[in-house]
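Please look at the structure below with this report beside you.

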Amino acid sequence: QVLFEDNESHEWNQAEWIRIALTYLKETYAIEHVNLVGHSMGGVSSLRYLGTYGSDPTVPQVEKFSAIGAPFNDFIDTSSIQSIDDLLENGPTEFSTRYQDYQAMMATMPQFSIQLIGGQLSETDFSDGTVPLTSALAIYSLLKEQQMSVDCTVITTNAQHSQLHENTEVDQLLQQFLWNN
């Protein structure tokens with residue numbers, strides 16, 4: 001588990017810190033392959049890492065990545081103008097700068113399996129209270145266009161943002177995705 005001392009630093013710094021941690025694992029323990037799990041900005045920073053350093057042979061290669069409640073399209077909520085099915089098929093109808101960066105990085109992104117988990121508090125609140133569901137799932141279509149294996153799940157029980165990484169359903173999904181596939 002990696003916890004950032006400055007967890008409010010921007011995703012570019014955090015992506016660099018992930019690179020440093022993974023380089024250490026490869027140099028010290030000869031770790032060649034890893035799985036990444038990121039909650040909230042940890043998911044954003046992990047995807048930034050993958051787009052920036054993921055093909056670097058001096059770091060372990062990421063085989064699987066799970067993002068839990070990650071604001072991939074910043075905090076833009078497009079749920080009032082598009083369905084989740086439309087979002088998954090076509091991507092968001094409004095793009096943040098972060099999302100546009102991801103669009104540009106996709107062509108050089110290494111291949112890995114990814115799991116997207118977002119929270120939905122109620123039938124009328126398409127968010128986990130912090131991250132809009134449409135943001136947490138925003139990169140689905142980008143990844144599918146790159147022929148990546150992508151799973152997505154919407155959590156509706158105990159779906160509050162800070163509780164997602166404590167949620168037993170999320171724990172089961174992670175276990176299944178990371179260790180049983």
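## Helices and a pair of tyrosines

Helices here are DSSP runs marked H or I of at least four residues, and they are numbered from the N terminus. The model shown is a predicted one, and this should be kept in mind while reading every value that follows. Helix α2 holds both Y49 and Y53, which lie four residues apart, or about one turn of the helix.

## Aromatic pairs

The count of aromatic pairs in this model comes to five. In one of them, the ring centres of Y24 and Y29 are 6.1 Å apart and the ring planes stand at 80 degrees, so this pair is edge-to-face, because planes over 60 degrees apart are placed in that class. Y24 has a relative accessibility of 48% and therefore counts as partly exposed, whereas Y29, with a relative accessible area of 52%, is exposed; the cut-off that separates these two descriptions is 50%.

Y49 has a relative accessibility of 0%, and so counts as buried.

## The largest pocket

How many residues line the largest pocket? The lining is made up of 23 residues, and those nearest the centre of the pocket are Q1, V2, V37, G38 and H39. The elements that contribute two or more residues to this lining are α1 (11-29), β1 (33-39), α2 (41-53) and α7. Strand β1 supplies the largest share, with six residues.

The volume of the largest pocket is about 910 Å³.

The side chain of H161 is joined to the side chain of D128 by a polar contact of 2.7 Å. If neighbours within four places in sequence are left aside, the residues in contact with H161 are H39, S40, G69, D128, T130 and V131. H161 and P132 are 29 residues apart along the chain, and their C-alpha atoms are separated by 9.9 Å.

R98, which belongs to helix α4 (residues 97-105), is another residue that counts as buried, at 11% relative accessibility. Its side chain has a polar contact of 2.8 Å with the side chain of E11. Leaving aside neighbours within four places in sequence, R98 is in contact with several residues, among them E11, M41, V44 and R48, as well as P71, F72 and D74.

The side chain of S127 reaches a backbone atom, the nitrogen of G129, at 3.0 Å. Apart from residues up to four places away in sequence, S127 touches G119, Q120, L121, P132 and L133.

M106 lies in the loop between α4 and β4, where it counts as buried at 3% relative accessibility. M106 is in contact with L142, L143 and Q146, once neighbours within four places in sequence are left aside. M106 and L50 are 56 residues apart in sequence, while the distance between them in space, from C-alpha to C-alpha, is 9.7 Å.

Which kind of phi value does A30 have, positive or negative? A30 is a residue other than glycine, and its phi has a positive value near 60 degrees. A30 sits in the loop between α1 and β1, and its relative accessible area of 52% makes A30 exposed.

Q147, which is not a glycine either, has a positive phi of about 65 degrees. Q147 lies in the loop between α6 (140-145) and β5, and at 66% relative accessibility Q147 counts as exposed.

Conventions: Residues are numbered from 1 along each chain as its sequence is written. This is a predicted model: local features need pLDDT of at least 70, side-chain atom pairs count only at pLDDT 80 or more; totals for chains, interfaces and linings use all residues. Side-chain values use heavy atoms; hydrogens and water are left out. Contact means heavy atoms within 4.5 Å. A polar contact is a pair of N or O atoms within 3.5 Å; within protein, one must be able to donate a hydrogen and the other to accept it, and residues adjacent in sequence count only if both atoms are side-chain atoms. On a 1 Å grid over the protein atoms alone, a cavity is a set of points where a 1.4 Å probe fits but cannot get out, and a pocket is an open set with protein on both sides within 12 Å along at least five of seven lines; lining residues have an atom within 4 Å of a point. Grid points are joined across faces, edges and corners, and a volume is the space filled by probe spheres set on the points. Rings of Phe, Tyr and Trp (its six-membered ring) pair if their centres lie within 6.5 Å; planes under 30 degrees apart count as stacked, over 60 as edge-to-face and the rest as tilted. Buried means under 20% relative accessible area, exposed over 50%, partly exposed in between (1.4 Å probe, protein chains only).
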